[in-house]
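Colleague: Thanks for sitting down with me. Could you walk me through this one, a question at a time?

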Amino acid sequence: MQGAPGEPRWTDPDRWHLTLLFLGTVPADRVLPLIEAAGPVVAPAPPMTLRLAGGGRFGSRRRPQVAWAGLAGDVRPLTDLADRLAAVARSLGLPVEDRPFRAHLTIGRWRPGRPADGALTDRLADYRGPDWPVPEVLLLRSHLGPRPRYETVAAWPVG
């Protein structure tokens, strides 16, 4: 799909990750309690294997916003883990989005005001990638700017 008219700005594969819970800015005094509370929630998660499968977009076909690849495999345990992490965040008074978790990998973003082909991700309908194990859950801090990067704050093994 790269080079296609109306393509999104593709996400660098080195930065690919599955977001289980987006928290925005977390006050400094809540980071350690979050780390301490998340560990026991991740610990009982079973071993998981996932694969990319299908794709789609967030936003309308005329005004797409995010291009994504779907997930298959152990999506139910992943969703359960995301739900438990959201409950931990809520218990610490952190704002959590009300919409349900939807397992996906963001692969691109369309820029507002630029030509956009929202049907492009339809080409992924029959795609099935290789399986991969989920080794760990990371708590990441985002550093925004011209060259965004992620910093690992904490990590917990899965399974």
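**Burial, a helix and charged pairs**

Modeller: Let me begin with Thr106, which is buried at a relative accessible area of 19%. Buried means under 20%, exposed over 50% and partly exposed in between, using a 1.4 Å probe and protein chains only. Do keep in mind that this is a predicted model, where local features need pLDDT of at least 70, side-chain atom pairs count only at pLDDT 80 or more, and totals for chains, interfaces and linings use all residues. Residues are numbered from 1 along each chain as its sequence is written, and side-chain values use heavy atoms, with hydrogens and water left out.

Colleague: Which residues does Thr106 touch, not counting those up to four places away in sequence?

Modeller: Contact means heavy atoms within 4.5 Å. With that cut-off and that exclusion, the residues touched by Thr106 are Thr11, Trp16, Val66, Ala67 and Trp68.

Colleague: How far apart are the end C-alpha atoms of helix 1?

Modeller: Helices (H or I, at least four residues) and strands (E, at least two) are DSSP runs, numbered from the N terminus. The expected span is 1.5 Å times one less than the number of residues, so the 15 residues of helix 1 (residues 28-42) should span 21 Å. The model agrees, with its end C-alpha atoms 22 Å apart.

Colleague: What is the N to O distance in the salt bridge of Arg51 and Asp131?

Modeller: A salt bridge needs a side-chain nitrogen of Lys or Arg within 4 Å of a carboxyl oxygen of Asp or Glu. The side chains of Arg51 and Asp131 form one, with an N to O distance of 3.2 Å.
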